[in-house]
Amino acid sequence: MQKFDIADGVRLCAVPTDKFKTCRINISMAMPLDSNASARAVLPYFLHRRCAKYPDFTALNRQLDELYGASISGGVHKKGEAQIISMSLTAIDDRFALNGDKVALECAELLADMIFDPIKQGESFPENIIEQEKHLLVEDIENEINDKRRYATRRCEEIMFADEAYSINHMGKADEVKALTPQDVYDAWEEELREATVQITMVGSMDVEPVVEMFKARFAEIHRNPAEIKTQFITAVPKPEYVCETMPLKQGKLVMGFRTGMRNEDDNAAPMRIAVDIFGGGTYSKLFSVVREKMSLCYYCSAGLFNSKGVVIVRSGIEDANEEKAKKEIINQLSLVAAGEFSDDDFSASIKSISDSIISNNDTPETICAWYSNQLMRTNIKTPEAYVEELKAVDRQQVVSAAKTIMLDTVFMLKSEGEVSENEDQ
Amino acid sequence: MKISEIRNEQLNDVYFDIDHPSGLKILVMPKAGYESTYAIFATKYGSIDTMIQLEDGSFKQIPEGTAHFLEHKLFESEDLDAFERFAKTGASANAYTSFDRTGYLFSCSANFKKNLEILLDFVQNPYFTQATVEKEQGIIGQEIDMYKDVPDWEVMFNCLRTMYHNLPVRIDIAGTQESIAQISADVLYGCYKNFYNLNNMVLAVAGNTTVEDVIEVADAVLKPVEGKMAQRKIIDEPKEVISDYCEETLSVATPQFMLGFKEHWDTPERTTKEEITMEILMDMLSGSSSELYRRLFDMKLINSGFGAEYFTGFNYSCVLFSGESADPKAVADEIKKEIRKFRENGIDEKTFERTKKKLYGRMIMGMNDVDNIANNMVVSYFADETIFTDFEIYKTVTVDDVKDMLSKTLDENYSVLSVIKPSK
């Protein structure tokens with residue numbers, strides 16, 4: 001991996017390789033997750049479907065067809081209390097282009113055009129296009145309810161992080177988005193270029209130098225003033241909260257939010273990752289082998305660690321009637337991990353499994369790109385190999401200690417039917 | 001043992017086709033520079049296989065969802081189940097059941113030979129008891145319920161159920177609560193014997209491996225069995241759909257739709273050329289650079305979730321357009337209008353050439369990931385092809401082929417609009 005400084009708070013990471021048939025380039029831009037989230041969320045929608053050079057998406061898509069079906073995508077997500085907007089382009093590697101076309105460089109230039117040179121109307125964006133993209137974003141926000149797992153997770157987060165920036169939806173709020181003017185979005189775009197922490201990540205056999213120079217020239221026109229991004233880590237939990245809602249469903253969704261006691265994203269991160277994995281990661285985990293396989297309570301029940309916020313989220317799809325049974329068993333399984341009641345086999349299975357999947361990231365341009373672009377806010381970039389070394393250095397006792405610090409914070413149950421009892425005690 | 005090399009110069013790819021003495025077809029693509037390996041052991045047995053052929057050639061019905069149930073159960077054995085064995089090696093293992101096949105797979109970046117041994121071994125050693133079958137009815141029961149809340153799953157099966165009178169493709173892959181209740185250990189053993197003989201299966205491996213390593217493990221673990229490739233029964237299906245419209249109410253924000261065009265052919269399976277020609281036609285008609293796509297967007301009738309698929313398999317083929325829309329009927333009308341326009345105006349040469357260029361790129365992109373490659377090898381083998389067939393055939397498709405395809409398909413008299421409406 002090669003690293004280049006492009007501008008203040010902007011860097012480019014290149015992973016040169018000719019083992020793939022495609023190349024990929026991603027630009028990720030991070031800003032604090034705050035009250036301006038809705039305006040920023042419109043940006044990837046607006047920017048990835050057109051630019052001054054290709055002013056509508058039919059023209060843009062025809063150009064992408066000419067670039068051998070190159071595909072462009074834009075999105076917004078959160079990492080800790082940062083809102084990250086990103087755009088990616090995947091294209092065939094130059095070796096497979098006909099007539100010596102330089103696909104990769106053309107794609108990098110296209111991506112830069114889309115970020116720096118959008119279609120404008122004076123010092124703003126065209127109203128009809130912004131209206132169209134706002135409409136699409138609102139639909140995406142509202143459609144979250146179609147995916148009940150995601151919806152229930154989001155509700156749990158809203159309750160658990162009510163007093164923290166983490167509760168802000170990175171997609172924005174529907175009514176806020178509706179109220180945005182083209183000027184609001186334009187201002188958010190200018191602010192993003194000026195203040196975001198930015199990383200451009202490239203994977204493929206293309207020449208890196210021209211791309212570095214091109215982005216340097218583009219950013220040289222901007223007066224950079226990167227904003228500070230901080231995430232709040234909460235290490236003490238009062239009495240766990242319980243909220244239940246209903247919806248006409250076939251299957252109930254149980255979401256349980258835990259705090260890990262981590263004080264920053266690197267704090268005890270490797271032992272915590274293994275502890276959470278033994279608790280509810282792979283098929284050897286407590287939740288899979290006991291709650292699903294032995295007790296036959298559900299089709300899925302798993303735990304995920306979000307170390308950028310220091311929390312663990314457990315999710316399961318169960319029958320309403322099994323709610324108490326499932327909750328009790330999930331908590332019991334966590335206490336078993338914290339009591340050191342897991343075998344040496346489980347411990348080594350976890351390290352092997354996590355390491356194996358991390359090393360496998362090296363085998364697709366998309367996963368390599370994601371591995372590095374996910375680190376855009378880190379000063380020291382870790383390779384997959386270095387991360388695996390950290391995992392392998394962890395001992396059992398560290399895992400037990402990590403599990404002991406995991407505390408239940410919030411339980412959210414989306415019931416399919418029946419009576420709702422609110423604020424029930426745990 | 002016969003080993004042949006299959007090569008494509010333009011892609012600079014090569015893989016090996018091995019006729020193993022056990023009767024199993026083995027396909028291996030070693031990939032230089034890759035750290036991981038993906039292996040899939042698959043049988044030509046999916047949810048559409050609802051009948052077993054008996055000795056006398058007649059067919060016997062089996063409960064819906066049996067292929068999927070069997071997939072779940074094969075992971076178990078008398079002592080350590082397959083997941084426990086893979087946990088010792090660090091591989092990530094899984095399985096899936098589709099309409100026409102079942103695949104057991106793992107990917108790993110270490111201990112490849114051990115992992116392959118586990119894969120071949122557990123799939124060859126079924127172990128079912130009435131107690132373990134009953135336990136699985138609970139888990140799969142929850143899986144079936146989960147899908148009933150997933151709108152894009154429901155919109156598709158409602159569409160297929162309204163399109164087909166008799167074909168088993170109308171059945172949910174996991175079956176129903178009622179049908180899985182009829183599954184017993186005996187039923188599973190019967191299906192296993194019929195569909196899991198090595199002559200009805202294929203092993204495909206891609207990534208950080210060699211032909212020698214794969215053969216070494218295969219020699220040690222594969223047990224030759226009696227059996228042949230299972231035959232599928234051709235089922236009569238009227239040309240007509242059951243109804244041109246169906247709807248269901250679920251907790252969704254925006255209505256979801258699927259517009260399907262049923263096809264009627266004299267042969268049970270579509271050729272590669274037909275499939276590629278159809279893909280070009282669909283992209284020209286409704287792809288992201290088409291006029292229709294633009295118009296639907298401008299009318300705020302679709303979002304980026306809009307897409308089209310040529311859905312084909314043994315005995316069935318249909319074109320499916322799907323997405324989310326405030327007004328599904330208006331979308332369906334626009335699609336039908338565009339099809340009529342295409343019929344009247346003919347096929348534009350320039351658009352055709354651009355679409356082919358895109359398709360060329362997309363086919364190359366499909367040759368990147370080891371999981372894609374291995375799954376492609378399975379599908380191609382069951383279709384009697386190589387993974388490079390598409391790449392060669394696409395070059396031969398002409399504008400006239402597309403015109404000809406258009407004249408045979410997308411007939412609105414045989415279409416179904418399936419809609420999921422929001423509850424409220």
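Analyst: The contact is formed by 47 residues of chain A and 51 residues of chain B; two residues are in contact if their C-beta atoms, placed from the backbone, lie within 7 Å. On the side of chain B that touches chain A, at least two residues each come from α2 (82–87), β8 (102–108), α4 (130–148) and α12 (349–365) of chain B. Here helices (H or I, at least four residues) and strands (E, at least two) are DSSP runs, numbered from the N terminus. The greatest contribution to this side of chain B is that of α12(B), with ten residues. By class, the side of chain B that touches chain A holds 17 nonpolar, 18 polar and 16 charged residues. Ala, Val, Leu, Ile, Met, Phe, Trp, Tyr, Cys and Pro count as nonpolar, Asp, Glu, Lys and Arg as charged, and the others, Gly among them, as polar.

This is a predicted model, in which local features need pLDDT of at least 70 and side-chain atom pairs count only at pLDDT 80 or more, while totals for chains, interfaces and linings use all residues. Residues are numbered from 1 along each chain as its sequence is written, and chains are lettered from A and ligands numbered from 1 in the order in which they are written.

The model scores ipTM 0.86 and pTM 0.90. Chain B has a mean pLDDT of 94, with 100% of its residues at 70 or more; pLDDT is the predictor's confidence in each residue, from 0 to 100. For chain A the mean pLDDT is 94, and 98% of its residues reach 70 or more. Over residues 419–426 of chain A, pLDDT stays under 50, and the model has ten contacts beyond four places in sequence for this stretch. Where pLDDT is low, predicted coordinates should not be read in detail.

The nonpolar cores come next. The largest nonpolar core has 197 residues, of which A:C107, A:L111, B:A39 and B:A374 touch the most other members. A nonpolar core is a set of buried Ala, Val, Leu, Ile, Met, Phe, Trp, Tyr and Cys residues joined through C-beta atoms within 7 Å. A residue is buried if 20 or more other C-beta atoms lie within 10 Å of its own, exposed if 12 or fewer, and partly exposed in between. Helix α3 (residues 103–116) of chain A supplies the largest share of this core, nine residues. Apart from neighbours within four places in sequence, A:L111 is in contact with A:I25, A:I27, A:M87 and A:L89. A second, separate core has 54 residues, including A:M262, A:A270, A:L334 and A:F347.

Within chain A, two helices also pack against each other. The axes of helix α1 (residues 37–47) and helix α7 (residues 182–195) of chain A come within 9 Å and cross at roughly 85 degrees. Axes are lines fitted to C-alpha atoms, for helices over the stretch in contact, and angles run from 0 to 180 degrees between N-to-C directions. The contact of α1(A) with α7(A) has seven nonpolar, no polar and three charged residues.

Several single residues complete the picture. In chain A, A:V291 belongs to helix α10 (residues 286–294) and counts as buried because it has 27 C-beta neighbours inside 10 Å. Not counting residues up to four places away in sequence, A:V291 touches A:L297, A:C298, A:C301, A:A326, A:E329, A:I330 and A:Q333. In chain B, B:L296 lies in helix α10 (residues 291–298) and is buried, with 22 other C-beta atoms within 10 Å. The C-alpha atoms of B:L296 and B:V331 are 35 residues apart along the chain and separated by 7.2 Å. Leaving aside neighbours within four places in sequence, the contacts of B:L296 are B:L301, B:I302, B:F306, B:V331 and B:E334.

Loops hold buried residues as well. B:Y196, in the loop between α7 (185–195) and β9 (201–207) of chain B, is buried, with 21 other C-beta atoms within 10 Å. A:Y68 sits in the loop between α2 (57–66) and β4 (71–79) of chain A, and its phi is near 55 degrees, a positive value in a residue other than glycine.
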